[in-house]
Amino acid sequence: MPRTARIDIPGLLQHVIVRGVDRCDIFCDDADRGRFLRCFSKLLVQTGTECLAWSLMSNHFHLLLRPRKTFLAPLMRRLLTGYALYFNLRHNRTGHLYQGRYKSFVCDEDAYLLELVRYIHLNPLRVGLVNDLTALDRYAWTGHSVIMGNGALEGQSLDEVLSLFSKGKREGRKRYRLFIADGIPQGKRQDLGSGRRMTTELLEEMNGEPFDLRILGSGKFIRELRMRTELESNFKQPLEIEEIVARVCSRFELEPEELRRNTRAAGITDARSVICYLAVRLAGYNGVEVGRQVNLRRSGVSVAAGRGEKLAVKDPQIVELLDK
């Protein structure tokens, strides 16, 4: 599939996720984690990047970053390349270490900064690396222990996080920890991590608002980003929905009118699924609008988009139908 342009300019809050290829471990022991953090901390200082949260797991890691003086990409390139070289040499392996490109989501700070700090810092507890919040307070491989005063990482903006709870550091820690504890019953939140999808719930929340899988924020926040001149090239104008329908129908040798029939014939079902995937998940059209084109309700559009994504994985040329 063609790569989607990153949204990357200084000043944007970014949730970054990196996974090991084929789910392999990228941290085998504390020596690996320590080496990664030393390099990470050095790059934060050198590039003037602020880190609000971080968490190292076994086969992946999360970072919440706000580059101030430069773009995110140079920091990530140096961090990932340097660590991969070290890891392969130390563990006598060759080949790619990471699962494709790193994922990065631009985040609306007002709505999501604290939610992401909590989500990222609770990862070790959520997957059972620690048993309870007391153990998490001293777990060395997440930014939570730094905020709680049980560790240090140069470049981590712990004072900024604590200031969101209280002017005093002691009271800030107390309130911050209560906030973290309140998030434990939430479990894994797909809306904050890499599992974000155009689900039925998201379709209902959108209600005609713009949507972009690269952005964690409201329709208003997305519109504001699209208006920034330095990001114009990151937001290509999508094809008209009628053109998407026409191209998919041509590929499946169908007439657009056939999509509106009450039938589940295999060819028509596949065409509907591909249209829903391309139009909703990639082009950002509203599910109701797409549903009118293919004779599906809003919930049906979400299900069909999931099927369409699977078809696109098997046949990458499907995504090329969106190319102008």
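Figure 1. Helices here are DSSP runs of H or I with at least four residues, strands are runs of E with at least two, and both are numbered from the N terminus. This is a predicted model, in which local features need pLDDT of at least 70 and side-chain atom pairs count only at pLDDT 80 or more, while totals for chains, interfaces and linings use all residues. Residues are numbered from 1 along each chain as its sequence is written, and side-chain values use heavy atoms, with hydrogens and water left out. Helix α12 is mostly covered, with 13 of its 17 residues buried, where buried means under 20% relative accessible area, exposed means over 50%, and partly exposed lies in between (1.4 Å probe, protein chains only). A271 is in helix α12 and counts as buried, with a relative accessible area of 0%. Leaving aside residues up to four places away in sequence, A271 touches V248, F252, L254 and L259, a contact being heavy atoms within 4.5 Å. The C-alpha atoms of A271 and P256 are separated by 9.8 Å, these residues being 15 residues apart along the chain. After α12 comes G284, which has a positive phi near 85°.

**Figure 2. Helix α8, its buried face and its surroundings.** The 15 residues of α8 should span 21 Å at 1.5 Å a residue, and the end C-alpha atoms are 21 Å apart, which agrees. Buried residues of α8 are G172, Y176, F179, I180 and G183. Seen down the helix axis, the buried residues of α8 fall within an arc of 100°, so they line one face of the helix; the arc is that of the directions from the helix axis to the C-beta atoms. On the other side of α8, R170, K174, L178 and D182 are exposed. The cover over the buried residues of α8 includes α3 (109-121), α5 (133-137), α6 (143-147) and α7.

Figure 3. The whole structure holds 10 aromatic pairs, where rings of Phe, Tyr and Trp (its six-membered ring) pair if their centres lie within 6.5 Å, and planes under 30 degrees apart count as stacked, over 60 as edge-to-face and the rest as tilted. F36 and Y83 form an edge-to-face pair, at 5.4 Å centre to centre with 90° between the planes. This pair links distant parts of the chain, with F36 in helix α1 (residues 30-47) and Y83 in helix α2 (residues 72-90), 47 residues apart. F36 is buried at 1% relative accessibility, and Y83 is buried with a relative accessible area of 4%. F165 and F179 form a tilted pair, 5.5 Å centre to centre with 55° between the planes. The second pair also links distant parts of the chain, as F165 lies in the loop between α7 (158-163) and α8 (169-183) and F179 in helix α8, 14 residues apart. F165 counts as buried at 14% relative accessibility, and F179 is buried as well, at 17%. R118 lies over the face of F179, at 3.8 Å from the ring centre; a charge sits over a ring if NZ of Lys or CZ of Arg is within 6 Å of the ring centre and within 35 degrees of the ring normal. Elsewhere, ring pairs link F27, F36, F40, F61, Y83, Y86 and F87 into a cluster.

Figure 4. The buried residues of α14 are V301, S302, A304, A305, G306, G308 and A312. In the loop between α13 (287-294) and α14 lies N295, which has a positive phi of about 60° although it is not a glycine. N295 is partly exposed, at 32% relative accessibility. R23 lies in the loop between β1 (13-19) and α1; R23 is not a glycine, yet it has a positive phi of about 65°. R23 is exposed, at 70% relative accessibility. Most residues other than glycine have a negative phi.

How values were computed:
Expected span 1.5 Å × (residues − 1).
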